[in-house]
Structures are given as structure tokens and as C-alpha cells.
Amino acid sequence: MKISGSQAVLESLLQENVEVIFGYPGGAIMPVYDALYDYTNDGRIKHVLVRHEQGAGHAAEGYGRMTGNPGVCLVTSGPGATNLVTAIADAMMDSVPMVCISGQVHSGVIGTDAFQEADVIGITAPVTKWNYQITKASEIPEVMAKAFHIARTGRPGPVLIDITKDAQFEMMDFSYPEDISLQSYQPTTEPHQRQIEIAARYLNNAERPLILVGQGVQIAKAQKELQAFLEKGDFPAAFTLHGLSALHSGHPLHVGFLGMHGNYAPNMLSNKADAVLAIGMRFDDRVTGRLSDYLNDATVIHIDIDPAELNKNVPADVPIVADAKIALQSLTKAIRKNTHTNWIREFKKLYEVEKKQVIDGVTHPKTGEITMAEAVTLLSELTKGEAVVVSDVGQHQMVTARYYRFSRPNSWISSGGMGTMGFGLPAAMGAKFARPDQEVISISGDGGIQMNIQEFTTLAQEQLPVKVIILNNGFLGMVRQWQQLFFEKRYSMVNIQSPDFVTVAKGCGLEADRVVARIDLKKALQKMLDHNGPYVLEIKVEQEENVFPMIPTGSSVDEVRLA
Amino acid sequence: MKQRYTITAIAENKPGVLYRIADLLLRRKINIESLTVSEIEHKGMSRFTIVVDAERDLVEKIGKQLYRIIEMTKVIESTDDELVPREIALIKVTAKTKEKREEIEQLVRLSKGRIIHIDKNYLVAEITGDEKEIDKLDELLQPFGIKEIVRSGRIAVFK
Ligand SMILES: Cc1ncc(C[n+]2csc(CCOP(=O)(O)OP(=O)(O)O)c2C)c(N)n1
């Protein structure tokens, strides 16, 4: 039986077990939307109409991050596709699986500057793991299968399929490839056993071992393996922004958050370690500080599924190309049971220093305005660290990373590599579709929320019970902090006016509330959590709170400042 | 220290590969000295021969990043002493008199080139060789007045 290219696109999505897609219609994708009419009516596919294609992209990212299966976006040509580009680049940087489908003008007019034509393949080539333009309906099943395979395997990433309008109309015979094997693309997942043995020897002999945990551990769903490994070797573990929820924040071997606004102990002690094992992390400059003074005394073992990451920034004495889960299993077998009591005590000691000088003051202030740290700490207590937390970008992001105590694996989503403002709200939406059974809370600043605030209406239309917290400090806070510390307090263009968020939220059809005074904070948060449906809570916070510790750009990690 | 490297990249012959290779080099601000592409002995596969002048460390990193291109199957970075390189050049040189013509023909012949087109005002010489041999003929013909010279860029096989 012949079906249209458009139907073939949707049949392919069914074959890939796609339940929900995020999109926005337009001329060049109308045939697919027309076909979608039947698939949504009988419930085979759920389509979420976002209010801006960037929102579709971040929602797909939230979904992809939660499930490991690609989030799917459907957009029209030209502006529809270009609006998606920021989210695609964000997914690329953070290795998020995503499949984007864009409509394209009729193949006969490509290259003529036709209405709403954009060179989407050219524009997205640098920010996709793979992309492809389909001009014949018969190509659809194979290309779709390939797209999903590439997006979710190896180092995951975004893939874009651009389909001309004529290919959407064309009739074809549909049959979906059973499994896909690409001659050239064969990610290595099994570690080299010899390398594992060398790594184990270094770890066994180390007096001051340190494990650096990145997002790769969660992508590989290796949280259990990580914990078993750490406990057998009695290794302290420090976490990148994305790695944070790979181990319960309260675990005695969790020694904190790495990098620019991370914890004092792991930053100070990185350079004292004699053996460092980095897993599924890419030594981003926000983590390493000044490279020339980083890990100079340590033997570095680096595990990553992407060979191009090894030796990219930090030379590895033992490079291991592998899936983190398989590598951790092998390594756990290879190491001996051990203890590092004194070394771990050093982390505890420095934690106490940070607690006294930084943490206590901001998490439990007695006077003044509500602080971000206090709001996040309270939220963490009220939710027992069990919520899925999605942040935007800015001070509130670093504060959330620092003070929310994650108790569930893969429960923290943030834009790390790109640092995209406007990410939080739509990504939380996507996460909620992926985990309807879990509490999903988005935390944004007053600046970032305004970058994709239109998605309030999407939440309302879907009655999607995401809880949105806006930490309003009246400033583009993170930029203001830098201006305060490094630009002589010249506050250039960081004083941002906001709409009345409660009125806006209500105008969009959401329940909303605002809290200003400390004594009302707990009640307001509880009311938000108890509410059965989407909810916006604006919390007015101290205007000029700073996030410390901080490693100034260009400094070494052990030059971390406490104030 | 910068040095000349030849990156040989073998990839499936699919649209977009060249774009991604060029983009990767662009991001690292590496100037491409020459780039040639053609099909190879395996059907459906293309061989890219890319000559760059860059630091060893950077070339190695690029080599690994090229594998991120889905269609890529093999990348090898080599220095000149590991290769048998070849290039072709077409040189159009002014030749208005019989004496000049003879002189040019002789130079070309001695350089292991040949004349492939004759006009009353000019000759076209073809030469294949390594870069040095081509430079040499170019130099020898300069005094006659070169109207056009076009070089193919390097192709190479491994020693
Ligand atoms: C799209 C985008 N534009 C600009 C920036 C630069 N930037 C980083 S943090 C920040 C301030 C964020 O302010 P706000 O959302 O109010 O959060 P706060 O830092 O106050 O918590 C800015 C402008 C960015 N990260 N993303």
C-alpha cells in the first residue's frame, strides 16, 4: 500500500516509539501537519504546540535528557528552522539526543531564494551530529532510522532532517529498516582491558585519588555502577554541573561540585590529588581554570566515549575510549577494596571552612531580603531532594546547583556548555512530558524567564503541572556580579525591568503567587508544591547577592575565592 | 612548531562531508593549502587529501575530531617523508617566435613535462611531479611571461 512521504515521517516516529513531539506548523511542513491530524486524533502521537520554535527545541532537550531517547521537534522552513538553531547548538554542546524535522521549500525552487527558504543544512552543519536533506519520499524510512540511531548512540547529539515539500506529498511504499548499521559510524563501547588494568594499578596505589564525574555517567545510565565503584575503592568524587545528580548529594563520598562556582574542597584539592579519574566529562574551561596549573601532580585517567575528547584539553596518561557503564564495571572488578580516610577527611575539613564562611550565611540568613540560596535550600528540604529540577542560566543556576540536594539519579537539567538563557521553562516542560509521575520544578531568573515566557501559555493549554519559580533580583544578576567584581561596579545594562509576573502568569491562564517576606516563604513554596497543576511562584530576592566561591577566569582552581 | 602535514581522510561519498571538514578546519583557524577529493578503489568512498601548515598537536586533535563526522571511516595524518606525493600543473606561457617556442619546448621536455596545446601566441605545458619539480619549471618559464598557471593540489599515496 502506498502512503505519502508525510505519513511515512509519522510512521517512522511510531516505529521509534516516539510518544510526544514539540512543534509549530507553517507552509513548508503543512503536509506533515495535515497527516498528523489523524495520528493525534486517535492518540497515536501527542503533539505539543509551543509558542516559539526555540521552546520546541529546549522541550525536546528536556525530554531527551530525562529518557535518553531523542526528543523530537517539528518545524517549518526558514524562520521555523532558524528559530530552532539555538536549541540545537545547546543540545550539541551538552550531548543531548534530539531529532529535528524541518520542512523545506519544493525541491524545484531550492537555491532560488524562494519564500521562506533557508539553507538549513548549511546553517546547522556545525551544530548537529548529523544532518540530511530529503528530496524523495522513498528516502524517508532509512534516513529517519539513521537519524534516531545516530542521535541516541555513542556520544548522543542533535540530528536534523530537512524534508522538501514535494517529498512530503510524494507517494511511496513504506517499510522501516529493522536495524541500522553504518559502515563508518561504529562507536567503541568496550574499554581496552589492558588500559583498565593500568588504570586500576594507578588507582590502587594512589594515596590521594579523586574521581571527576560528568554527564557521560548519566547518559550511560551508570549511576549504580559509579556508586559501587566509589564504595569499593573509597574514592572521593567531585561532579561537573551536569554530573551532579549522578550520586545522592548526601553520600559521604560526594565531595561536591567542581568549577567556577563549585565547592571549595574539590577545587582546592584537585591539584593535590595524585591520581585523577575523569569519567564522561570534557574538562571544560569552567571546570579546569587555568590549564597550565591543573592536575600537574596527578596521573590522569580519562574515560570517554568520544575519542576526540581524550587529550583535547588535559593530557591523559591513561586514555580509555568506552561507554562509562561498561568501563566502570570493568574497573570495579579490577581495583582492590581500599580506604582513604585521611584524604577524605581533608575534603570534610575544607567543606567546614566553606560552610562557615559562605554556606551558612546565605542559606540561613536572619535579616535582610530572602536569598536565592535560602529559597533553594528550603525547596530542597520540602521536596526531600526528590524533584526533577531544571534551571535557567545565571546566578540562580549556580545557586541551585550548589544548594539543591539531589537524591535521585538524573534529576537535574541545566544548560551547561552553551549557557542558554531561556532554556529552563521549555526544558522543564519537556522533562515533565517524559516524567509525568515526578515533580518537575523550573527555576529561572527574572531575565531568563522573559526570554521564553511565551511558553506559559503552552503550560496552560496542556495543563502541564510544571512548577515555575522565578528568583527575581531585578538584575541580570550574573553579569552584575562580574561587573561588581571585575568592572569596578559599572553596572552597564543589567538593571532589567520585569512585567508583573503574577499578572502575566494569570493572564496566560496559570495559577500564580508572589512572595516577598521571609516568614511567608515556606508557606508559599508548600502551596506551590501542593497545587495540582501548573503554577508560577515569583520570589523577590536580595538584589545584589553574589555567588561564592568563585574561580575568576584565568585563575588556577586552587586560587578559588571564598568572598 | 608549524610544519606541513597531509591529512588523508576517507569517507563515504555523501553530501555534506566536505562542508563539515572545511568547517572543522575553519573553527580551528587552520588555512587549507590544498584539498583534493576523488573516489577511491572502494565503491562509494571518497578520499580527501588535505594539505595544511600547522602544529603537530593541533593536527592530531583535528584528526580525532574528523572522526566525529558520521561518514568518516579513516583519518591519517602524515608528514612529507611518509608519502609519495604528486601534483599536476598547467602552465600557459607566452611564445610568439619560433626561437622562444623551441627554447620552451626544450625546457619543458627536460623537466619531464609536455606541451599539450599550441597557439600562435602561446604554449600550454603540462607537468606532473612533486611540488618542487613544478616550482622549478614555473621558475624556468617565468622569463618568457606566464599568462596563467593552475595547479591541482596534492594527491598522495603512502610509502
Ligand atoms: C541567550 C543569552 N544571552 C545572554 C547571556 C549572558 N548572561 C549570562 S547570565 C546572565 C544574567 C541572567 O540574569 P537572570 O536571568 O536575571 O538570572 P540571575 O543571574 O539574576 O539569577 C546573562 C545576561 C546568556 N547566558 N544567554
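Guide: Helices here are DSSP runs of H or I with at least four residues, strands are runs of E with at least two, and both are numbered from the N terminus. On that basis, chain B of this predicted model has four helices and nine strands. Their order along the sequence is β-α-β-β-α-β-β-α-β-β-α-β-β. The C-alpha trace of chain B spans about 60 × 35 × 30 Å along its principal axes. Of the 159 residues in chain B, 43% are buried. When contacts in chain B between residues at least 6 apart in sequence are considered, 74% of them join residues at least 24 apart.

As to confidence, chain B has a mean pLDDT of 95, and 100% of its residues reach 70 or more. For the complex, the predictor gives an ipTM of 0.91 and a pTM of 0.96.

Rolling a probe the size of a water molecule over the atoms shows where empty space is left. One cavity of 30 Å³ or more is counted, and the largest cavity holds about 30 Å³ of space. Its lining is formed by Ala375(A), Val376(A), Leu379(A), Ile443(A), Ile469(A), Leu471(A) and Ile539(A). Two elements of chain A give two or more residues to this lining, namely helix H15 (372-382) and strand S18 (467-472). H15(A) gives the most, with three residues. By class, the lining of the largest cavity comprises seven nonpolar residues, no polar ones and no charged ones.

H14(A) supplies the largest share, seven residues. The lining of the second largest pocket divides into 11 nonpolar, 10 polar and six charged residues.

From space one may turn to burial. Helix H17 (residues 424-434) of chain A is largely enclosed by the rest of the structure, because 11 of its 11 residues are buried. The buried residues of H17(A) include Gly424(A) and Gly430(A), Pro426(A), Met429(A) and Phe433(A), and also Lys432(A).

Ser270(A) lies in helix H11 (residues 264-270) of chain A. Ser270(A) counts as buried because its relative accessibility is 1%, and the class requires a value under 20%. Its side chain reaches the backbone oxygen of Pro266(A) at 2.6 Å. An α-helix has 3.6 residues a turn, so residues three or four places apart point the same way. With neighbours within four places in sequence left aside, Ser270(A) is in contact with Leu210(A), Leu258(A), Tyr294(A), Leu295(A) and Val557(A).

Key. Residues are numbered from 1 along each chain as its sequence is written. Chains are lettered from A and ligands numbered from 1 in the order in which they are written. This is a predicted model: local features need pLDDT of at least 70, side-chain atom pairs count only at pLDDT 80 or more; totals for chains, interfaces and linings use all residues. Side-chain values use heavy atoms; hydrogens and water are left out. pLDDT is the predictor's confidence in each residue, from 0 to 100. On a 1 Å grid over the protein atoms alone, a cavity is a set of points where a 1.4 Å probe fits but cannot get out, and a pocket is an open set with protein on both sides within 12 Å along at least five of seven lines; lining residues have an atom within 4 Å of a point. Grid points are joined across faces, edges and corners, and a volume is the space filled by probe spheres set on the points. Ala, Val, Leu, Ile, Met, Phe, Trp, Tyr, Cys and Pro count as nonpolar, Asp, Glu, Lys and Arg as charged, and the others, Gly among them, as polar. Buried means under 20% relative accessible area, exposed over 50%, partly exposed in between (1.4 Å probe, protein chains only). A polar contact is a pair of N or O atoms within 3.5 Å; within protein, one must be able to donate a hydrogen and the other to accept it, and residues adjacent in sequence count only if both atoms are side-chain atoms. Contact means heavy atoms within 4.5 Å.
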